Amino acid sequence: MTEVDADVAAPATGAFAEPTQRIRAGWIAAFATAWLGIWMAQLAPVQLLLPVQIDAVLHPEHWTDSVLAFGVVSGIAAVATIIAYPLTGALSDRTASRFGRRRPWILAGALVFALALVALGFQADIVAIGACWVAATIGFCMMTAALTATISDQVPVPQRGFVSGWMSAPQAVGIILGLVVVTMLVTQQQAGYAVLAVALVVLALPFLARPDRALVDRERARVTARGVIASLWISPREHPDFGWTLLSRVLVSVGNALGTSLLLYFLMFGLGDAHAEDDLIVLTLVYMVFVIIASLVLGKLSDRTGRRRVFVLVASVLQAIAALLLAFVPDLGMAMVAAGVLGLGYGCFLSVDQALATQVLPDATARGKDLGIMNIATAVPQALGPLIGALAVVATGSFTLVFVLSAVCALCGAVAVARVRGVR
């Protein structure tokens, strides 16, 4: 099996060397637990708390104003993501700490994220809500840029599909657990955000207790602002597989964001569902089951076959099918079917595409920065999706265009990943 893209630099040594020792179940469990806390803290606000809070603050005359405001807040957070992800990833590559390169950033990110969530719960002004959510997004980027890089640092290539599945499977569980917490276990907005913040930090602790690779003296490089900024550009002409993988992830992630981020509004205003919040939990549960199955089973199958591209391509097509079902059969029952198909496609995409990304990195000494750029391709679309979808809703007065655009983006993502040549 080809371990790295043909245009990747020569093998590195020391802390930058490709890992060869198989990781154990304890490491994977701690890794998955950390991601569970992250997804609860990030997705429960996006799916429910934040749009409900914005709607309560604005009291708009027309529901599209609330959708648009939510989209604008998400769009501003996306700008912060573009800066925070590669910058914190690059800094973690160069962090010379006795605690390792990644752990200090995981801890700092968790604390920033948690404190911003607690503060967000007390805001009653749209500008303050936006500012707190931007701060939370920066903490999310700090934490996940470093955590994602540990896959390249410590996980050998034949295990990366399966381990990446344990990054994506907790996303599905995190959504449903987060929604259950903020709708059934706590009733106040402030308490909901606070519980998510505490869970984020507590669930990160097991992974923080595990060893991390530290730089030795000869591997330490002087950090300058000019050097960090210059390193953020990766030429798609010189590293085409990285470029195509990045483009594919952007397109598929935009498609997924369009298909999922406005579901509460779709149920409330598109279907006139009087039990929208309860049905959102059911939809999310269906989605969760299929994401977990796809991410773990298909991620492991990808490892065994040594193939990545075909899995990502099929996953993209499945997401397009789900979006078209929502677009042309706007019914609660069909929405349940679409949730299952979408979960199957996105679960497969999350695990296998992450493994693919680790195999097309241009420089072993800059894994955190390069994966930070890859993470932009996931996080920014998730933040911009609500804004693009909101504009489509405002322009047409319905959700049909939102889901059609979702399908088109997913299919274009499939075309892009087919252009990758250095990985099967």
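Helix axes here are lines fitted to C-alpha atoms over the stretch in contact, and angles run from 0 to 180 degrees between N-to-C directions. I took helices as DSSP runs of H or I with at least four residues, numbered from the N terminus.

**Ground rules.** I am working on a predicted model, where local features need pLDDT of at least 70 and side-chain atom pairs count only at pLDDT 80 or more, while totals for chains, interfaces and linings use all residues. Residues are numbered from 1 along each chain as its sequence is written, and side-chain values use heavy atoms, with hydrogens and water left out.

**Entry 1: α4 and α5.** I began with helix α4 (residues 126-154) and helix α5 (residues 160-185), whose axes are 11 Å apart at an angle of about 165 degrees. The two are therefore roughly antiparallel (the cut-off is over 145 degrees; under 35 is roughly parallel, 65 to 115 roughly perpendicular and the rest oblique). Their crossing is right-handed (the near helix is turned clockwise from the far one by less than a right angle). T148, I151 and S152 of α4 meet R160, S164 and M167 of α5 (contact means heavy atoms within 4.5 Å). I sorted this contact into 2 nonpolar, 3 polar and 1 charged residues (Ala, Val, Leu, Ile, Met, Phe, Trp, Tyr, Cys and Pro are nonpolar; Asp, Glu, Lys and Arg charged; the others, Gly among them, polar).

**Entry 2: α1 and α5.** Next I looked up α1 against α5 and found an angle of about 45 degrees, with the axes 6 Å apart. That makes the pair oblique. This crossing, too, is right-handed. By class, the contact has 23 nonpolar, 5 polar and no charged residues.

**Entry 3: the core.** Which residues have the most contacts inside the largest nonpolar core? I found F31, L50 and W133, in a core of 123 residues (buried Ala, Val, Leu, Ile, Met, Phe, Trp, Tyr and Cys joined through side-chain atoms within 4.5 Å). Helix α1 (residues 25-58) gives the largest share, 18 residues. Beyond four places in sequence, L50 has among its contacts F70, V73, L120, I129 and W133.

**Entry 4: two single residues.** Leaving out residues up to four places away in sequence, N256 touches Y287, Q319, L342, Y346, Q382 and S406. H59, in the loop between α1 and α2 (63-93), is exposed at 65%. I also noted that H59 has a positive phi, near 45 degrees, without being a glycine.

Note on methods:
Buried means under 20% relative accessible area, exposed over 50%, partly exposed in between (1.4 Å probe, protein chains only).
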